[in-house]
Amino acid sequence: MAQFVGPFGVSSSTQFMPLPPGSNNQPLIMPGKNGMNTLISLNARAYNPVAIVSAGNAKTMNPNANYTLSGTEKYVNSGFILPKGHDKDFPGSSDTFTVTFQKAGTYHYLCIVHPWMVGKVIVK
Ligand SMILES: [Cu+2]
């Protein structure tokens, strides 16, 4: 599972500008050592549709993607799914994500934002 947010190392000389300028946005940065700081950021593996295939390669997908499960994936994420029309609030988000299952089995899933929201798909 990908964490919703995660720590990333950035050069301590990196300047961050909130967008839009003047908005009440500020990155969470913790001072570090050796010219590096730690930035806590939204994780693209939780935000964008992606599949990590058995070889470990990441297959990124466009919003509103259709994905066919081979059954060998290590990780599949729909990315943010929001009601239609809310894509301006979260650019690049989706309002649909379609999965085609090829093999019978029970497939568990969860919401990364609210990990207590779980479900399963039973394919017979
Ligand atoms: Cu949720």
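User: Why is Val50 called buried in this model?

Analyst: In this predicted model, Val50 has 20 C-beta neighbours inside 10 Å, and a residue is buried if 20 or more other C-beta atoms lie within 10 Å of its own, so Val50 counts as buried.

User: What makes Arg45, Ala58, Lys59, Thr60, Met61 and Asn77 contacts of Val50?

Analyst: Two residues are in contact if their C-beta atoms lie within 7 Å, and Val50 touches Arg45, Ala58, Lys59, Thr60, Met61 and Asn77 in this sense, with residues up to four places away in sequence left out of the list. Besides these contacts, Val50 and Ser78 are 28 residues apart in sequence, while their C-alpha atoms are 6.8 Å apart in space.

User: Which strand holds Val50, and how do you know that this strand pairs with β5?

Analyst: Val50 lies in strand β4, which covers residues 50-52 and is joined to β5 by three bridges in the antiparallel sense.

User: Why are β5 and β7 said to stand at the edges of their sheet?

Analyst: The sheet is an open one of three strands in the order β5-β4-β7, with antiparallel pairing. Because β5 (58-60) and β7 (75-77) each have a single partner strand, one side of each is left without a neighbour in the sheet, and this places them at the edges. From one strand to the next, the twist averages 10 degrees.

User: What is the strand order in the open sheet that contains β1, and which are its edge strands?

Analyst: That open sheet of three strands has the order β1-β3-β2, again with antiparallel pairing, and its edge strands are β1 (5-11) and β2 (28-30), each of which pairs on one side only. Neighbouring strands here are turned by 30 degrees against each other on average, with direction ignored.

User: How do you know that β2 and β3 pair?

Analyst: The condition is at least two bridges, and β2 is connected to strand β3 (residues 36-42) by three bridges in the antiparallel sense, so the two strands count as paired. Within this pairing, Ile29 stands opposite Leu39 in β3.

Note on methods: Residues are numbered from 1 along each chain as its sequence is written. This is a predicted model: local features need pLDDT of at least 70, side-chain atom pairs count only at pLDDT 80 or more; totals for chains, interfaces and linings use all residues. Helices (H or I, at least four residues) and strands (E, at least two) are DSSP runs, numbered from the N terminus. Axes are lines fitted to C-alpha atoms, for helices over the stretch in contact, and angles run from 0 to 180 degrees between N-to-C directions. A residue is buried if 20 or more other C-beta atoms lie within 10 Å of its own, exposed if 12 or fewer, and partly exposed in between; C-beta atoms are placed from the backbone.
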